[in-house]
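This report turns to a helix and its surroundings, and then to the salt bridges of the structure. Please read the text alongside the sequence and the coordinates.

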Amino acid sequence: IIMVKSVIIVTDSSPIGKNSSVEAIRLGSGFMGLGTEIDCKIVFCGDAVLTLSKNIDPAKIGMDSLAEHLEMAELSDLELCVVEEDLKSRGLTRTDLVEHEFLKVVTQANVSEMIQTAESTFRF
């Protein structure tokens with residue numbers, strides 16, 4: 001029996017020297033692997049938006065490669081949400097981010113609404 005039907009995972013840590021965002025993707029993909037009954041989204045905010053920059057070489061900053069994790073996320077239909085205001089404040093746009101079928105740019109107001117309506121929220 002699945003008790004939780006909606007999960008938001010918020011990651012806001014810098015990718016430099018940390019794998020928090022990668023672990024968030026792993027956890028989200030795991031939730032999605034439980035079946036279509038669970039709606040899970042990952043929100044990248046703050047410095048975590050840098051994790052999805054296509055101009056960062058993960059090996060050079062001490063983080064795991066995103067390639068296999070993004071593939072796992074796509075296979076499980078995991079939605080990745082990037083906060084627009086945090087992208088802008090770091091001089092980035094959607095075109096600076098990696099390609100991912102389920103990548104969406106959302107506003108901070110959208111994130112607040114998603115958190116309020118989710119049954120469970122995790123923070124990485």
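In helix α1, the buried residues are S20, S21, V22, A24, I25, G28, S29, F31 and M32, where buried stands for a relative accessible area under 20%, exposed for over 50% and partly exposed for values in between, computed with a 1.4 Å probe on protein chains only. The structure is a predicted model, in which local features need pLDDT of at least 70 and side-chain atom pairs count only at pLDDT 80 or more, while totals for chains, interfaces and linings use all residues. Residues are numbered from 1 along each chain as its sequence is written, and side-chain values rest on heavy atoms, with hydrogens and water left out.

An α-helix has 3.6 residues a turn, so residues three or four places apart point the same way. The cover over the buried residues of α1 includes β1, β2, α2, β3 (79-83) and β5, with contact taken as heavy atoms within 4.5 Å; helices (H or I, at least four residues) and strands (E, at least two) are DSSP runs, numbered from the N terminus. From its first C-alpha to its last, α1, with 14 residues, reaches 20 Å, which is close to the 20 Å expected at 1.5 Å a residue, the expected span being 1.5 Å times one less than the number of residues. Just after α1, G35 adopts a positive phi of about 130 degrees.

Seven salt bridges are found in a search of the whole structure, each defined as a side-chain nitrogen of Lys or Arg within 4 Å of a carboxyl oxygen of Asp or Glu. The table lists some of them.

| Salt bridge | N to O distance |
|---|---|
| R123 and D12 | 2.8 Å |
| R90 and D47 | 2.9 Å |
| R90 and D86 | 3.8 Å |

The bridge between R123 and D12 links distant parts of the chain, with R123 in strand β5 (residues 120-123) and D12 in the loop between β1 (6-11) and α1 (20-33), 111 residues apart. R123 counts as exposed because its relative accessibility is 66%, whereas D12, at 26%, is partly exposed.

For the bridge between R90 and D47, R90 lies in the loop between α3 (84-89) and β4 (103-106) and D47 in the loop between β2 (39-44) and α2 (67-75), so this pair ties together parts 43 residues apart in sequence. R90 is partly exposed at a relative accessible area of 29%, and D47 is partly exposed at 32%. D86, by contrast, counts as buried because its relative accessibility is 16%. Through salt bridges that share partners, D47, D86 and R90 are joined into one network.
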